[in-house]
Number of protein chains: 2
Amino acid sequence: MVVVKANSSPTVPTNKNSFPCSNGTTLPLTNSIINLDQGDPVVLGSYWKKMSEECTVVIKGSDLMSYISDISNVCWFMLPEMSDAIKRLHSVIGNAVTEEKHIVVGNGSTQLFQAALFALSHSHSHSSQPINVVASSPYYSEYQEEVEVVCSRMYQWGGDAAIYDKNEPYIEVVCSPNNPDGTLQIPVVRSEAEGKLIHDLAYYWPQYTPITHQADHDVMLFTFSKCTGHAGSRIGWAIVKDIEVARKMTRFVQMSSIGVAKESQTRVAKIIRVICDSYQNYGSIESELFFEYSKRKMRERWDKLRVAIGQSKIFTVAKFPKAYCNFTNESSETYPGFAWLKCEEGIEDAESYLRKLKILSRGGERFGVGPNYVRLSMLASDKVFNEFIVRLSNAKRDIVLK
Amino acid sequence: MVVVKANSSPTVPTNKNSFPCSNGTTLPLTNSIINLDQGDPVVLGSYWKKMSEECTVVIKGSDLMSYISDISNVCWFMLPEMSDAIKRLHSVIGNAVTEEKHIVVGNGSTQLFQAALFALSHSHSHSSQPINVVASSPYYSEYQEEVEVVCSRMYQWGGDAAIYDKNEPYIEVVCSPNNPDGTLQIPVVRSEAEGKLIHDLAYYWPQYTPITHQADHDVMLFTFSKCTGHAGSRIGWAIVKDIEVARKMTRFVQMSSIGVAKESQTRVAKIIRVICDSYQNYGSIESELFFEYSKRKMRERWDKLRVAIGQSKIFTVAKFPKAYCNFTNESSETYPGFAWLKCEEGIEDAESYLRKLKILSRGGERFGVGPNYVRLSMLASDKVFNEFIVRLSNAKRDIVLK
């Protein structure tokens, strides 16, 4: 998370078209702006500091030079070790079916979302109308911008899936657990028209939500960023049922970037192997395992958040139902990567309110709902998160009147 | 380069929408299909085998985890060491001005080409007409497909720059040395309308052409793939004069892939440092330096190619003028990364002709000219290149009649 001195706040990009530009921290935080707008998953880094040696990769000068990775794979730029690691990880966690499916690696799931739009609207090319892309609100704030960025004639943003009533083909994006609100989602469009689905499962990992079933959908997107916190590696993957869709997605990644950095692929494969080995050697390993560590961190943070919210009485946050997790073998709540807060009556603009507390957040309108909602990252560093909790606990309604 | 057994040729993707899918080789080559369609720069790998230890990078488990790299840079996802290395490399080679310019790193120059289209057509957003993107034929075969891939309303393919006569705004792509034909290019559009330029300088490195001047254009694209042969790293960069264009290009890369893999950035920065150190310690180093090695390889290949072409009398190839290279301090020819061959009369389809010799190439129509032209990679492995030369030397006109 970005932490900057209050007096340097003009350099913090808060425009919706910007992204934070620092990982530096300054001391003390008391008078600082804290940025919980984006979801840089810094919290998970503390685990990898302890595992730094086990996960080390060494890349020599002549390694990994070709564009090409594997002639036998639809996704010809994917290293075989990357593909093997992804399948093994899903097998260990039990969160997605990979058997008889095709894996396409991408530069983050962001690129693969666009690859999926390309692939799914391509098969509609007999129509001259752009296909409508919809998602149930509150929806991830970037979907609309990613759909609209280059003004494609193939697809266009269609808004809230829950109220979609056109008799025209559509693509529904189902994000579960949902960014921003953490709820588990299913398709909601009731149109008679032909619909296709993209399941964005970025947060369907044990630290965020109980693994209740192996997801088994036509197009499923995952990202390593939210799985382990290695956002800088820019590795995402799609699990795709139809080989023609996988081919078109591969084609899109080829046209967009001629594949995916092999250095990242080999490193991510290594880290996944370390995780899987640790679970399969369970009993011989004394230190806490990754998903236990990260789930504990998320639970502790959510406990603190609920206490702070109870004290301030400014916001409310949903209570998530418990479910049995097949991976951790325990019943637990969802602990989303973002807090989705609703203002109590009397505060109309949650983002502006938090800005007075020097907390940068993302207002509800970006997610297709009102400004009385706000999203805050739960994945900041301990220092930033704890300062956020202090400020939230001390917040009083009268700040609105100042 | 891809080498597969002749009897497995159906698995070789030769469709224009495909990309090769193997780096394996089989012995002997005599009866094999050799793929010179794509430009995988395998030839340069032999140098890096010798330098493998010096260029090794070690990445620990907790390194490079954040999305963010540098708050102070327009291109916030670029590692400072990457930016420093790029500037230093251009300073050592003398092939481009970086002072008072902005560098934007991308997932290969492919992504940056699209980022530049986005940025330059964005400033035309007052117009409802897509801006025309043109390039002088023969032009790089992928430009048109990259322009058209998602059917943008912002820009559209406008064809051959040399015959562009619309009184409408345009973007001219100037590729110099040109892919496919190796010629040095300047803008050619004579329209009265407002034009913007993208200079694709992927091959403006000493092994391919004499460095006669520091290029100094508004938007210049480079790729590490063609510089050193590390195509698997997917690192390209743009050198941009106008900060607003750099911001929009950064925005595009953000929307497309939320930045560029840091593992690749740190490795590429390391390799560039090794190259620059070797030149700046010249005299104390006994082994051949990179650009000397690679230029020698290219010259040897072009010498062999010209002999083979002279023997077969099937094709002709342009003779390039000599020029003084400010970097190598000698006068030399251009040694392009591709051979651009023209059939003699009587052979109408060069690609089909070469296919009979079990040589995969890319026909002239993909480059906006006739099928009597063909492009072949000069960057294959020694084994593949030498087999190509043998087949070309032995080719006779009568194969056409078989």
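Figure 1. In chain A, the charged end of A:Arg375 sits over the ring of A:Phe338, 3.5 Å from the ring centre. In chain B, B:Arg375 lies over the face of B:Phe338, also at 3.5 Å from the ring centre. The structure shown here and in the other views is a predicted model.

**Figure 2. Relation of the two chains.** Chain B superposes on chain A by a rotation of 180° with 0.0 Å of shift along the axis, at an RMSD of 0.0 Å. This is the relation of a two-fold axis. Both copies use the same surface, and 100% of the contact residues of chain B recur in chain A.

**Figure 3. Open sheet of chain B.** The sheet has seven strands in the order S4-S10-S9-S8-S7-S5-S6, with mixed pairing. Strands S4 (102-107) and S6 (155-160) of chain B each have a single partner strand, so one side of each has no neighbour in the sheet. From one strand to the next, the twist averages 25°. Strands S5 (residues 131-135) and S7 (residues 170-175) of chain B pair in the parallel sense over four bridges, and B:Asn132 stands opposite B:Tyr170. Helix H6 (residues 243-257) of chain B lies across S4, S9 and S10, at about 20° to S4(B).

**Figure 4. Aromatic pairs.** Over all chains, the structure holds 50 aromatic pairs. One of them is the edge-to-face pair of A:Tyr139 and A:Trp157, with 5.0 Å centre to centre and 70° between the planes. A:Tyr139 lies in the loop between S5 and H4 of chain A and A:Trp157 in S6, so the pair ties together parts 18 residues apart in sequence. Both A:Tyr139 and A:Trp157 are buried.

Technical notes:
Residues are numbered from 1 along each chain as its sequence is written. Chains are lettered from A and ligands numbered from 1 in the order in which they are written. This is a predicted model: local features need pLDDT of at least 70, side-chain atom pairs count only at pLDDT 80 or more; totals for chains, interfaces and linings use all residues. Side-chain values use heavy atoms; hydrogens and water are left out. Two strands pair if DSSP finds at least two bridges between them. Helices (H or I, at least four residues) and strands (E, at least two) are DSSP runs, numbered from the N terminus. Axes are lines fitted to C-alpha atoms, for helices over the stretch in contact, and angles run from 0 to 180 degrees between N-to-C directions. Contact means heavy atoms within 4.5 Å. Copies are superposed by least squares on the C-alpha atoms of residues with pLDDT of at least 70 in both. Rings of Phe, Tyr and Trp (its six-membered ring) pair if their centres lie within 6.5 Å; planes under 30 degrees apart count as stacked, over 60 as edge-to-face and the rest as tilted. Buried means under 20% relative accessible area, exposed over 50%, partly exposed in between (1.4 Å probe, protein chains only). A charge sits over a ring if NZ of Lys or CZ of Arg is within 6 Å of the ring centre and within 35 degrees of the ring normal.
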